[in-house]
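Here is a short briefing on how the parts of this assembly meet one another.

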4 protein chains.
Amino acid sequence: MKLTVLINCPDQSGIIRSVTTFIHKQKGNVVYLDQHVDKQAGVFFMRLQSEFENTVSLDHFKHDFEKEVAHGFNMEWDAYTDGHQPKMAVFVSKYNHCLYDLLSRYNSGELSVEIPFILSNHKDLEYVAEQFNIPYFHIPVTKENKAEAEDKQLDLLKKFDVDFIVLARYMQIVSPKVINVFPQRIINIHHSFLPAFAGAKPYHAAFNRGVKIIGATSHYVTEDLDAGPIIEQDVTTVSHTHSVKDFIAKGRDLERIVLSRAVQLHVARKTMVYNNKTVIFS
Amino acid sequence: MKLTVLINCPDQSGIIRSVTTFIHKQKGNVVYLDQHVDKQAGVFFMRLQSEFENTVSLDHFKHDFEKEVAHGFNMEWDAYTDGHQPKMAVFVSKYNHCLYDLLSRYNSGELSVEIPFILSNHKDLEYVAEQFNIPYFHIPVTKENKAEAEDKQLDLLKKFDVDFIVLARYMQIVSPKVINVFPQRIINIHHSFLPAFAGAKPYHAAFNRGVKIIGATSHYVTEDLDAGPIIEQDVTTVSHTHSVKDFIAKGRDLERIVLSRAVQLHVARKTMVYNNKTVIFS
Amino acid sequence: MKLTVLINCPDQSGIIRSVTTFIHKQKGNVVYLDQHVDKQAGVFFMRLQSEFENTVSLDHFKHDFEKEVAHGFNMEWDAYTDGHQPKMAVFVSKYNHCLYDLLSRYNSGELSVEIPFILSNHKDLEYVAEQFNIPYFHIPVTKENKAEAEDKQLDLLKKFDVDFIVLARYMQIVSPKVINVFPQRIINIHHSFLPAFAGAKPYHAAFNRGVKIIGATSHYVTEDLDAGPIIEQDVTTVSHTHSVKDFIAKGRDLERIVLSRAVQLHVARKTMVYNNKTVIFS
Amino acid sequence: MKLTVLINCPDQSGIIRSVTTFIHKQKGNVVYLDQHVDKQAGVFFMRLQSEFENTVSLDHFKHDFEKEVAHGFNMEWDAYTDGHQPKMAVFVSKYNHCLYDLLSRYNSGELSVEIPFILSNHKDLEYVAEQFNIPYFHIPVTKENKAEAEDKQLDLLKKFDVDFIVLARYMQIVSPKVINVFPQRIINIHHSFLPAFAGAKPYHAAFNRGVKIIGATSHYVTEDLDAGPIIEQDVTTVSHTHSVKDFIAKGRDLERIVLSRAVQLHVARKTMVYNNKTVIFS
């Protein structure tokens, strides 16, 4: 049996010793430990995996860990057993490349999640959902009905017990009403190397500025547009020979891969957020 | 004998045919041709190299080319023979990494220029100039004496017949007085992936934003700060484990290499500027 | 109407002039020209695109071009009109990631081909073909029946008038019988940075050698295993923290993208082969 | 006061707990911990940094750590205090780019070492040593005098109490006589992406194979030529437009940066060797 523990707390002496001693007492063996100290903020972060010969009750472990270790260090923490598959809702609009990428990884077993549904403000990608046999909900969003549409979204998210949302080129601004229910659990892909070219039409802006490299950025969604904690970024070279259309085509490959990596990191519980930045464990 | 011709003109039919026919008549052989059409702007760009069995007078060539070809197509153009070494002045402040990089390439014969002098607002790097036996001029710049200091700079640039200027982490804003004398002939290195983090302290800004990639950008200097035509960019990955100090250290390697590549492209006459963007020939 | 011409011939004076003059006479306008001279081999390569106001007969163009230009320069050449979609057969085995990538690009209109069928020595990926509504032929290959199986393959390739074949992790050695019918028209993806780790199990070999970077290579298939002309390569970093399983997972993303780029280049007729190497036009 | 401990030992339960408990007892605070388990080999690796409020005697620490912790776990280990500058000898031949890079970093304070001397089989780079005011020893090596020349090298290395050797394009095979005195303490830069193109003239071999990416590899020297544990690799793209000369020029920038990074990792004691592979701590 394998247990992963994620911790953050005020930096102080003795944390690693206390945690590893506790694991040892529970007859567990630490097989991986990655820690980080943000010295400016005075915060300690740790991700630890341990193996137990005998089955351990997760509830007992949590109860004892809180009492014997976490409380004293003022920790925010959580523990997970192997094999738990989070429920991931995918929001899309009209572009299919990120959706295809996620679904083919899902079908290959590369992506260890359940996908209860795909949701869109358009009907365009219903055929993709059908190809992969996943429910597709069409909830049109207009200026007038936005609040109402988001209520419908929240109903679905609740009904299907969704753990986190992936905006796979959703092209709509998600309002605080939804964000607050899924803090640090909505992953967006923005088609630029943020913070350059936030907002609409980043490839056009990059083309006009004459940059020699374009990028894509995946981040957790916060109320500030395109300003949430960055999970993953990647770039590719461009030149004067490329048109805006070429930028968009090259960018699609970046978007696919960057979003996919961010989702994988989130699912593997290798991300932690602090001060609008991420710690990405190895 | 080898001749390089750089051309830009309104896009129209028959340009390549006319130029190559002219070269043929002069008993030259085209050994390289790279062209580009900016369709939005309606502009044609070309870089062409030709070899001549017999020596050709550059003046005659230029006179005939203007009359028989360039005039009709309304070309802006220039022609260069091999082996001309442009005179490059280097402006520095207190950081030595870009200067060392340029000078060691210069000493190795990698960089085909003359360096008549190094100029600085500080005395700190005089010892580097001495190591490489290059004159070093110390012209302090303050708010009060800036205009006067730039006059002194211009005197030196004129006296030594300088072709172009490299700001190797010069850390001072160059005023239009100097820029206008060296249009598209002042190359700067900015320590960020522009347009992100223009202005001062880009590594600190990148750290605070929590980016996963940092960059460096070399561009021609225009009156708009850090907004001139981009010649070359490169990036490197960073993570939460890196401090601002680490960003700066990793960035130094980017700055070195990006500035050096931009200078090489300029010296090889592979750059052309249009609409605040560059065409970089292969 | 747009016409693309691909040429290679012994390097000699006057080629560009003659070709562009011919285009001009036909009332065409050269909109793109990329040329390359392999000085060691003494060979000239060119890719040229021209636009014609009036419709031109491709046959007439070809006839006249051969007579007036190509013959004199001893050219190997071909000309293509826009919009021709080549027929691409996909050979697979059990891995689905490259197949999914190609099919989702095909479905998105990113990949301008027809896919008459998918062929495999296993039944495993039939469901993917069904998802995308493409015929799937299952031709088992064993040591004993290989010659016979390849005859069946050739029958299908002929029947469906296939232009080129993509081996999307086919995992079988293709024999000269098939290669000779499709010279420089079979594209393979090898899961290493060739020439390192040719042959079987390259990720295991890379892991054992302790490399810090792994790669993938797409090449035209020749009789020498994994030794054909390289079309495209890409790499990604690895470290001691990665297991062979991690290498394979990271490698899948490389394989997808490298194969896809190679196929795109082939379809756009931007590749030319000479001396077991490729010229890749911009 | 800061202490860095490097450990490897058979993988077993309780290692982290025991080490951190020991540090805690010594009134130290763990500020960084990176560990790795090679599951195939059954080996545990750790790098740990701790801060002590009061000064600790390194000798006492080592004595107690061996007795109370290391002995029981059968550890190979070492401990280092801050600020120790290792003595680095640089061996060169005729190429100056790696030497210039190392010396300019050394002069900038980027590279925290002492350089007691530069050694060469040629006189060509004596002027560089003079520029940076470092002793230069010229020991010619021929087939006939190789054993004798290496004796002279060993005398110098001993006399100057050298900790490790950097082969900055030394172009000579170092024999076991020298390697055995500096096991895992001779760092070489090979101008290819190993294991591809080991041996002589790798850029020519890469050019002839028509690769689209070239690389450089820094590794510890072992008796097997170009087959020692890899510390660092990097790559850059090339195309058919590049000649062998271009490969060499682009490669120089790779060699500089890859060798410099490897040296930095070694000096920071972030490398550990096992089974002819490296663990590179973060």
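Predicted model: local features only at pLDDT ≥ 70, side-chain atom pairs only at ≥ 80, totals over all residues.

Chain A and chain B bury about 2,600 Å² between them, while chain B and chain C bury about 1,400 Å². Inside chain A, domain 1 and domain 2 bury about 850 Å² against each other.

**How chains A and B are related**

- Chain A superposes on chain B by a rotation of 180°, with 0.0 Å of shift along the axis and an RMSD of 0.0 Å.
- The two copies are thus related as by a two-fold rotation axis.
- If you look for the axis, go to A:Ala196, whose C-alpha comes closest to it of the residues of chain A, at 2.3 Å.
- Of the interface residues of chain A, 100% are also interface residues in chain B, so the copies meet through the same surface.

**The contact between chains A and B**

- Each chain brings a stated share: 31 residues come from chain A and 31 residues from chain B.
- Carbon and sulfur atoms carry 60% of the area buried between chain A and chain B.
- A:Arg209, A:Lys212 and A:His240 supply 27% of what chain A buries against chain B, more than any other three residues.
- What kinds of polar pairing occur between chain A and chain B? There are 18 residue pairs in polar contact, both residues being at pLDDT 80 or more, but zero salt bridges.
- On the chain A side, the elements giving two or more residues are α7 (202-209), β11 (230-237) and β13 (277-280).
- β11(A) has the largest share of that side, with six residues.
- By class, the side of chain A that touches chain B has 15 nonpolar, ten polar and six charged residues.

**The contact between chains B and C**

- Here 16 residues of chain B are in contact with 16 residues of chain C.
- Carbon and sulfur atoms give 48% of the area buried between chain B and chain C.
- B:Arg17, B:His24 and B:Leu33 account for 32% of the area that chain B buries against chain C, more than any other three residues.
- The largest share, eight residues, is from β2(B).
- That side of chain B divides into six nonpolar, nine polar and one charged residues.

**Two domains within chain A**

- Chain A is made up of domain 1 (2-81) and domain 2 (88-280), with C-alpha centres 32 Å apart.
- Ten residues of domain 1 touch seven residues of domain 2.
- Of the area buried between these domains, 69% is on carbon and sulfur atoms.
- A:Leu6, A:Phe45 and A:Arg47 supply 49% of the area that domain 1 buries against domain 2, more than any other three residues.
- Between the domains of chain A there are zero salt bridges and two residue pairs in polar contact, both residues at pLDDT 80 or more.
- On the domain 1 side, β1 (2-10) and β3 (43-52) of chain A are the elements that give two or more residues, and β3(A) gives the most, with four residues.
- The domain 1 side consists of seven nonpolar, two polar and one charged residues.

Note on methods
Residues numbered from 1 in each chain as written. Chains lettered and ligands numbered in written order. Heavy atoms only, no water. Least-squares fit on C-alpha atoms with pLDDT ≥ 70 in both. Contact = heavy atoms within 4.5 Å. Domains from an automatic or database assignment. Buried area = accessible area lost by both parts, 1.4 Å probe. Salt bridge = Lys/Arg side-chain N within 4 Å of Asp/Glu carboxyl O. Polar contact = N/O pair within 3.5 Å; in protein donor to acceptor, adjacent residues only side chain to side chain. Nonpolar A, V, L, I, M, F, W, Y, C, P; charged D, E, K, R; others polar.
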